[in-house]
Amino acid sequence: MTQSKQKRFILRTVILTVLAAAIIYTIYSNATKERTQILGVGDEAPDFTLEDLNGDEHRLSDYKGQGVFLNFWGTWCKPCAKEMPAMNNQYAEFKDQGVQILAINIAQSNFEVQKFANQYGLDFPVVLDRTKSVMHTYNVDPLPTTILVNPEGKIERIITGEMTEQDIATFMEQIKPE
């Protein structure tokens with residue numbers, strides 16, 4: 001075998017080995033990955049428990065009978081920051097009418113989240129999804145995403161992107177207990 005034929009043989013063998021490895025990896029990862037059910041309007045909202053900045057636990061099922069405004073956000077997210085004051089205003093209007101807000105921060109430090117909550121004077125519970133497990137359960141992408149849960153515990157609506165104060169008031173009205 002000439003030297004150039006030997007080089008081509010080695011190159012082809014390497015390429016085939018890499019392709020085979022890629023195919024095996026793809027098959028393996030698809031066969032073993034956890035199947036996540038996509039949630040939709042009308043589905044039961046999966047229960048979860050998260051801690052707030054004071055270490056108190058908040059369980060979604062504890063709010064059964066009330067409308068729950070689940071807002072997934074991050075301190076670095078500019079649209080999130082823009083809608084927080086409006087959410088706080090509407091929380092003041094709707095909390096005594098049976099509508100709660102759970103602002104679910106995605107995997108940031110207590111310090112960052114506390115600084116943000118203080119800066120905006122947030123009165124509603126801010127809970128921390130340290131492992132992103134709730135974010136993954138609810139298939140949240142992008143931030144902000146808001147999921148409206150009606151008093152029966154079903155998903156009423158899924159909103160992605162920034163909301164105006166009027167939007168927030170309308171959405172809270174939709175999940176208010178009768």
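**Charged pairs and a surface patch**

Tutor: In this predicted model, a network of salt bridges links E44, K64 and K154.

Student: How many residues apart in sequence are the parts that the pair K64 and E44 ties together?

Tutor: The side chains of K64 and E44 meet in a salt bridge, with N to O at 3.6 Å. K64 lies in the loop between β2 and β3, whereas E44 lies in the loop between α1 and β1, so the parts that the pair ties together are separated in sequence by 20 residues.

Student: Which residue forms a salt bridge with E162?

Tutor: The closest N and O atoms of this pair are 3.6 Å apart. E162 sits in the loop between β7 and α5, and its partner is in helix α2, 80 residues apart. That partner counts as exposed because its relative accessibility is 58%, and the residue is K82.

Student: How far from D52 is the nearest side chain of opposite charge?

Tutor: D52 is found in strand β1, where a polar atom of its side chain lies 2.8 Å from the backbone nitrogen of N54. D52 is buried yet has no salt bridge, and a salt bridge requires the nitrogen and oxygen to be within 4 Å. The nearest side chain of opposite charge, that of R130, is away by 8.2 Å.

Student: What accessible area do F9, I10, V14 and V18 have together?

Tutor: I10 lies in helix α1 and is partly exposed, with a relative accessible area of 47%. F9, I10, V14 and V18 form a nonpolar patch on the surface, and their accessible area together is about 390 Å².

How values were computed:
Residues numbered from 1 in each chain as written. Predicted model: local features only at pLDDT ≥ 70, side-chain atom pairs only at ≥ 80, totals over all residues. Heavy atoms only, no water. Patch = residues over 30% accessible without salt bridge, like charges linked within 9 Å, V, L, I, M, F, W, Y side chains within 5 Å. Areas by Shrake-Rupley, 256 points an atom, 1.4 Å probe, with all protein chains shown as cover. Helix = DSSP H or I, 4+ residues; strand = E, 2+ residues; numbered from the N terminus. Buried < 20%, exposed > 50% of the residue type's maximum accessible area, 1.4 Å probe, protein only. Lys, Arg positive; Asp, Glu negative; His and termini not counted. Polar contact = N/O pair within 3.5 Å; in protein donor to acceptor, adjacent residues only side chain to side chain.
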